[in-house]
Amino acid sequence: MSEFIVIQVGQCGNQIGNAFWPLVLYEHGICVDKLVKPSLKAVQDEAFHSFFDSPSYKKCHNIEDLKRCKVKARAILIDMETSVVERFHNCRLRDLFDRTYSITDSPGSGNNWAFGHYEAGNLHKNKIREMIRSAAECCSSLNGFLLFFSLAGGTGSGLGTAVLQYLQDDFPNIDRIVACVHPGEHRDVVTSPYNIAFSLSKLALGATCVFPVDNKSLSKICGKTKVTKDPLTSDLYQKVNAVIVRMLLNLTSGARFPGSLNFDLGDLPTNMVPYKGMHFLASSICPLVSGSEIGINILKRKKELLHSVCNEDHHLIQLNALSGKVHTAALIARGDIPFSTAVDFQERLIAKIKRKPMGITLGLSSVPPHDSPVSLLLLTNSSSMSTFFSQAVNDFNSLYFRKAYTHHYLKVDDFEFEEFSGAREVLLSQVDAYTKTYEDIHIPRINVEI
């Protein structure tokens with residue numbers, strides 16, 4: 001049994017968590033809303049303890065059972081604005097979240113990465129580390145930390161990357177998996193290029209694997225699918241966050257549920273990271289949204305799952321991950337998908353890729369999502385990720401070369417001006433790493449006539 005601790009930082013991270021926990025409960029057969037039926041194939045044995053601490057080990061079927069059995073989510077909630085975290089302690093699932101694992105402050109980080117990373121980080125460092133240590137002690141087989149935060153804001157990006165450093169120092173052998181949200185082309189924070197650059201530089205140095213998603217892709221996905229009848233995802237923001245949660249639940253399904261080809265999250269860095277530092281993975285999933293007509297039509301023809309998941313419309317980040325050099329890839333399937341079909345998916349994916357990858361990992365879990373009979377997640381480590389970092393560098397340069405807004409960061413204690421150039425150098429090294437691996441290596445050979 002693998003156990004995970006979820007760390008939600010900032011408004012964005014906690015909004016993802018707000019969509020995450022109800023959907024996890026449904027996968028384990030626990031009714032959160034009377035209008036939504038849990039999965040008929042839900043598993044609630046040891047798998048339930050992956051995200052929940054249950055002292056009684058009794059099966060639960062509804063919110064009242066969770067309260068009676070004193071079940072607690074393995075969650076740490078952090079935000080410098082009180083209102084977002086307080087929603088967890090006042091909602092219908094409030095008994096799942098232990099207040100001793102929450103940190104709030106006022107008035108926030110002002111969209112300043114330096115304030116979140118240093119000011120708030122130094123202020124709450126000891127408490128955060130103690131919360132993480134306490135949560136880890138409640139685990140018998142801690143497999144990894146899942147971190148949710150935004151790249152563009154102040155608390156999420158700044159304090160989120162500070163928490164990442166605490167984990168690297170205190171739990172160096174435990175995987176640190178990050179799902180981070182990029183604002184896309186439409187940024188409402190003028191200093192977001194700085195925040196994004198500082199965040200990505202820390203993620204490049206401290207995370208095990210990073211799954212970047214961007215708002216433009218998520219908005220396009222939700223715009224092409226009709227509003228679902230599922231009350232858990234009927235709100236637009238919930239619908240956007242539910243797409244991210246679907247990816248995360250598929251990603252962790254092999255560690256939680258049985259299957260003919262088990263893909264544990266611990267296998268992720270071994271199979272998907274060919275070179276040190278190149279741990280940024282693009283993701284694509286099908287079906288995208290609960291109850292969407294597109295998803296229903298695809299599910300009627302399982303063999304079309306691969307075609308759909310390779311389509312750019314299903315990518316959670318704005319890049320064509322299958323173009324260029326694909327170093328590694330993984331297909332993680334859930335539900336009623338036979339082994340022969342999964343192998344067929346693998347062979348067809350290889351045929352779609354011009355430059356053949358080092359390997360394609362397969363994962364099969366017998367337990368489907370709560371609202372569809374099958375699903376498929378595609379992960380790729382591709383040289384196309386260089387465009388993601390190139391854009392971050394260009395946006396950063398547009399401000400930095402004019403020294404615009406730098407004074408907002410310099411007024412924060414412990415922040416040094418050299419961090420601007422340091423972050424830029426890390427991003428350029430990422431661009432260089434992904435670009436170099438795009439080129440084929442030609443080994444000279446000696447022709448010997450016999």
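This is a predicted model: local features need pLDDT of at least 70, side-chain atom pairs count only at pLDDT 80 or more; totals for chains, interfaces and linings use all residues.
1. Strands count as paired if DSSP finds at least two bridges between them.

2. Residues are numbered from 1 along each chain as its sequence is written, and side-chain values use heavy atoms, with hydrogens and water left out.

3. Now zoom out to the sheet around that pair. Four strands make up an open sheet with mixed pairing, in the order β9-β12-β10-β11. On average, neighbouring strands here are turned by 15° against each other, direction ignored. α12 packs on this sheet, where it touches β10, β11 and β12, and its direction makes about 155° with that of β11. Angles run from 0 to 180 degrees between N-to-C directions, with axes fitted to C-alpha atoms (for helices, over the stretch in contact).

4. α12 itself deserves a look. This helix covers residues 339-352, 14 residues, and spans 20 Å from first to last C-alpha, close to the 20 Å expected at 1.5 Å a residue (the expected span is 1.5 Å times one less than the number of residues). Which of its residues are buried? They are Thr341, Ala342, Phe345 and Leu349. Looking down the axis of α12, these buried residues fall within an arc of 100°, so they line one face of the helix; the arc is taken from the directions between the helix axis and the C-beta atoms. On the other side of α12, Ser340 and Ala351 are exposed. Buried means under 20% relative accessible area and exposed means over 50%, with partly exposed in between (1.4 Å probe, protein chains only).

5. What covers the buried residues of α12? The cover includes α11 (304-310), β10 (326-335), β11 (359-365) and β12 (374-382). Contact here means heavy atoms within 4.5 Å.

6. There is another sheet to find. Six strands form it, open and with parallel pairing, in the order β5-β4-β1-β6-β7-β8. β5 (102-104) and β8 (209-214) sit at the edges with a single partner strand each, so one side of each has no neighbour in the sheet. From one strand to the next, the twist averages 10°. α1 packs on this sheet, touching β1, β4, β6 and β7, and its direction makes about 135° with that of β1.

7. Strand β1 (residues 3-9) runs parallel to β6, joined by six bridges, and Gln8 stands opposite Phe148 in β6. Seven bridges join β6 to β7 (residues 175-182), again in parallel, with Gly144 opposite Asp175 in β7. Elsewhere in the sheet, β4 (residues 75-79) pairs with β5 in the parallel sense over three bridges, and Leu77 stands opposite Ser102 in β5.

8. How many salt bridges does a search of the whole structure find? It finds 11, each being a side-chain nitrogen of Lys or Arg within 4 Å of a carboxyl oxygen of Asp or Glu. One is between Arg256 and Glu27, with the closest N and O atoms 2.9 Å apart. Arg256 belongs to helix α8 (residues 236-256) and Glu27 to helix α1 (residues 10-27), so the pair ties together parts that are 229 residues apart in sequence.

9. Glu27 also forms a salt bridge with Arg334, the closest N and O atoms being 2.8 Å apart. Here Glu27 is in helix α1 and Arg334 in strand β10, so this pair ties together parts that are 307 residues apart in sequence. Both Arg256 and Glu27 are buried, and so is Arg334. Together, Glu27, Arg256 and Arg334 are linked in a network of salt bridges.

10. For contrast, check Asp65 and Arg68, whose side chains meet in a salt bridge (2.2 Å, N to O). They are three residues apart in helix α2 (residues 63-68), about one helical turn. Are they buried or exposed? Asp65 counts as buried at 10% relative accessibility, whereas Arg68 is exposed, with a relative accessible area of 59%.

Conventions: Helices (H or I, at least four residues) and strands (E, at least two) are DSSP runs, numbered from the N terminus.
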